[in-house]
Amino acid sequence: MTIVARTFATFAEGFALSYADEVSGETYFATFATAEPDPRRAAIWEKIALIENCMEAALRPLAKALGVIPPDLAALRESGREEALANPIQSWEAAMEEMVREYPAYLDEFAGLKVIAPQEVFDGMDLIYAHEVAMIDFAKLDLAGNRDPGAPLDAFLTRLGKWSAT
């Protein structure tokens, strides 16, 4: 898979697609969790699915305000599951390498989207950017053999909890 950063004519257009990706991302990663025979790795996939779910919830008020909530969330969730089933993980290491290699395109996309974002949503854009950084950092640590590669994911979930409390 090669991920290419998308560009958008309007913030609403880009945000709508980013929001939809969070919705489908939850079931995408949850599907990997279900298929993973190693309990530690399954728990990590579940944690990433949780992050996607929490991101969707955090971004929902803005999506509602912009009028970009997809009409059929169940179909969107099913598309995430179907994508994961269509592209099964060949190996844990290959999945981590893919995250490190491919997910920076999302960072480029989010940075470009922030350029056209209204200032009042900058905090939300920083949050969406940070969730991708946490996943990339996790994958880098895992590939390096770090004993606690999930620390960036845990730190992000803590940040997300504090963000949603504000």
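Is A43 buried, partly exposed or exposed? A43 counts as partly exposed, at 38% relative accessibility. Buried means under 20% relative accessible area, exposed over 50%, and partly exposed in between (1.4 Å probe, protein chains only).

This is a predicted model: local features need pLDDT of at least 70, side-chain atom pairs count only at pLDDT 80 or more, and totals for chains, interfaces and linings use all residues. Residues are numbered from 1 along each chain as its sequence is written, and side-chain values use heavy atoms, with hydrogens and water left out.

**View 1. A43 in helix α2 and G112 in helix α5**. Helices (H or I, at least four residues) and strands (E, at least two) are DSSP runs, numbered from the N terminus. A43 belongs to α2. Along the chain, A43 and F138 are 95 residues apart, and their C-alpha atoms are separated by 13 Å. G112 belongs to α5. G112 is partly exposed, with 38% relative accessibility. R6 is 106 residues away from G112 along the chain, yet 8.7 Å separates their C-alpha atoms.

**View 2. The buried face of helix α4**. Helix α4 spans residues 92-102. Its buried residues are W92, A95, M96, E98, M99 and E102. Seen down the axis of α4, they fall within an arc of 155°, so they line one face of the helix. The arc is that of the directions from the helix axis to the C-beta atoms. What covers these buried residues includes α1 (11-35), α2 (39-66), α5 (104-115) and α6 (122-143). Contact here means heavy atoms within 4.5 Å.

View 3. The structure holds 11 aromatic pairs. Rings of Phe, Tyr and Trp (its six-membered ring) pair if their centres lie within 6.5 Å; planes under 30 degrees apart count as stacked, over 60 as edge-to-face and the rest as tilted. The pair F29 and F32 is edge-to-face, because the ring centres are 6.5 Å apart and the planes stand at 70°. F29 is buried, at 5% relative accessible area. F32 is buried too, at 8%. Y106 and F110 form a stacked pair, because their ring centres are 6.5 Å apart and their planes are at 20°. Y106 is partly exposed, with 22% relative accessibility. F110 is buried, with a relative accessible area of 4%.

**View 4. A ring cluster, and a lysine over a ring**. Ring pairs join Y28, F29, F32, W45, W92 and F138 into a cluster. Elsewhere in this legend, K114 lies over the face of F122, 4.9 Å from the ring centre. A charge sits over a ring if NZ of Lys or CZ of Arg is within 6 Å of the ring centre and within 35 degrees of the ring normal.

**View 5. The largest pocket**. Its volume is about 380 Å³. Of the 20 residues that line this pocket, the closest to its centre are D21, S24, G25, E83 and Y106. The elements giving two or more residues to the lining are α1, α5 and α6. The largest share, seven residues, comes from α1. On a 1 Å grid over the protein atoms alone, a pocket is an open set of points where a 1.4 Å probe fits, with protein on both sides within 12 Å along at least five of seven lines; lining residues have an atom within 4 Å of a point. Grid points are joined across faces, edges and corners, and a volume is the space filled by probe spheres set on the points.
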